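Let's take a friendly walk through this model, stopping at a few places worth a look. Have the viewer open and follow along.

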Amino acid sequence: MLGSKRILLIIGGGIAAYKALDLIRRLREQGATVTPVLTRAGAEFVTPLSASALAGHKVFSELFDLTDEAEMGHIELSRSADLIVVAPATADLMAKMAGGRADDLASTLLLATDTPVLVAPAMNVRMWLHAATQRNVATLCADGIMLVGPNEGDMACGEHGPGRMAEVQEIVAGVVTALADGPLSGQRILVTSGPTHEPIDPVRYIANRSSGVQGTAIARALAALGAEVVFVTGPASVPPPGGVEVVRVETAREMLAAVEAALPVAAAVFAAAVADWHVAGASDRKLKKATGGLANLEFAENPDILARVAGLKKGRPRLVVGFAAETEDVIANATAKRLRKGCDWIVANDVSPATGIMGGGENAVTLITGEGPETWPRMGKAAVAERLAERLAAALA
Ligand code: C5P
């Protein structure tokens, strides 16, 4: 699947570095060429000899290694790959990346490259949750760096929580997604997904039951056809796919800002269940029962992101796809919605509780285009996503 793809694998200094050795094997099994780069700390955990033996390739580690510079300079090394993978990516390495520092070979390669970068963070849970790391993660995501993981679980340090490096097969899946060639290669596509959370006060919010499963599957399916996917997600209950650019938001207004920042794109799929309203003047203090605050919430309308993008006079995506979650008269309501919102297609589904679709694994949709409605059989959400991605590819061809 990765035949002839060249991967530069930067191995940072963490206990998860031993998994990078298995990652080399699995990537090579898929046909990729792997060039390992060991940071100084990485070399404390795995030896250059084991990395080079498994890669069947010289390991690079020093910035000012004259032999390496004569053979291949660091600029050339950083650009000759199809993808740079950083696994494990330590808090320190991510801080350097976010700050644009270049004081060793790994950070210099990451600063000099014009190649896509996929990062697999691995660190202690407190380090991952620290505001500084979260700021760095947000910066890296905004810079277009792709993330896979981290996962939640037991850690080598004895603690439990998010920070474990993604499993090797998840990283390989992320690499396959990031490098997929297909009919959508070279096309940048935006997908919104998940619910939005609209704050009432610092501890309460208004949300909906969207899991983000369908939007996530659509992003994965588009990336599998080669698209460069920007995935703008609210607080979903499933992790975003590896190998796509992820922008995390909470509110509808944040989602609009992220969508606008992602433009221009060839196509946009609005699968998010965006709240129509937010609490006007949400309190920055916790509302107390005694004040009767909760009884007097006032609402203000949220921007309609789909309608706004569909109505753009300049820079409108060639194809704008909306969703219509309905509980009655699905086709009639969705057909009207397509016209009202000005989008090209609407994917309509019946989300009455009896269907089990909202939060479930299956979906039964009707695709409404300018040609009319087309009802698809009930199938898994991944299958719906693949079929929709193929239709998008055909429409953009
Ligand atoms: O009007 P309704 O919420 O039913 O429309 C659903 C479609 O519009 C979905 O594609 C959803 O992502 C999008 N939408 C939006 N911004 C809103 C409300 C809905 O993009 N504020």
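This is a predicted model: local features need pLDDT of at least 70, side-chain atom pairs count only at pLDDT 80 or more; totals for chains, interfaces and linings use all residues.

Helix α6 (residues 91–99) packs against helix α9 (residues 131–142) at an angle of about 50°, and their axes are 9 Å apart. The two helices are therefore oblique to each other, and their crossing is left-handed.

Which residues make the contact? On the α6 side they are Ala 91, Met 94, Ala 95, Met 97 and Ala 98, and these meet Thr 133, Asn 136, Val 137, Thr 139 and Leu 140 in α9. Sorted by class, this contact has seven nonpolar residues, three polar ones and no charged residues.

## An open sheet of eight strands

Next comes a sheet. Eight strands make up an open sheet with mixed pairing, and their order is β12-β11-β8-β13-β16-β17-β19-β20. At the edges are β12 (245–248) and β20 (372–375), each of which pairs on one side only. On average, neighbouring strands here are turned by 15° against each other, direction ignored.

Within the sheet, β8 (residues 188–193) pairs with β13 (residues 267–270) in the parallel sense, over four bridges.

## A buried serine

Is Ser 78 buried or exposed? This residue of helix α5 (residues 74–79) has 0% relative accessibility, so Ser 78 counts as buried. Leaving aside neighbours within four places in sequence, Ser 78 is in contact with Leu 8, Ile 84, Leu 109, Ala 112, Thr 113 and Thr 115.

## Backbone spots to check

Most peptide bonds are trans, and most residues other than glycine have a negative phi. Here are some exceptions. The peptide bond from Ala 87 to Pro 88 is cis, with omega near -5°; Pro 88 belongs to strand β3 (residues 83–89). Another cis peptide bond joins Leu 263 and Pro 264, with omega about 5°, and Pro 264 sits in the loop between α12 and β13.

Turning to phi, Ser 4 is not a glycine, yet its phi is positive at about 70°. Ser 4 lies in the segment before β1 (6–11) and is exposed, with a relative accessible area of 63%. Asp 329 also has a positive phi, near 40°. You will find Asp 329 in the loop between β16 (319–326) and α14 (330–341), and at 58% relative accessibility Asp 329 counts as exposed.

How values were computed
Residues are numbered from 1 along each chain as its sequence is written. Side-chain values use heavy atoms; hydrogens and water are left out. Axes are lines fitted to C-alpha atoms, for helices over the stretch in contact, and angles run from 0 to 180 degrees between N-to-C directions. Angles under 35 degrees count as roughly parallel, over 145 as roughly antiparallel, 65 to 115 as roughly perpendicular and the rest as oblique. A crossing is left-handed if the near helix is turned anticlockwise from the far one by less than a right angle, and right-handed if clockwise. Contact means heavy atoms within 4.5 Å. Ala, Val, Leu, Ile, Met, Phe, Trp, Tyr, Cys and Pro count as nonpolar, Asp, Glu, Lys and Arg as charged, and the others, Gly among them, as polar. Two strands pair if DSSP finds at least two bridges between them. Buried means under 20% relative accessible area, exposed over 50%, partly exposed in between (1.4 Å probe, protein chains only).
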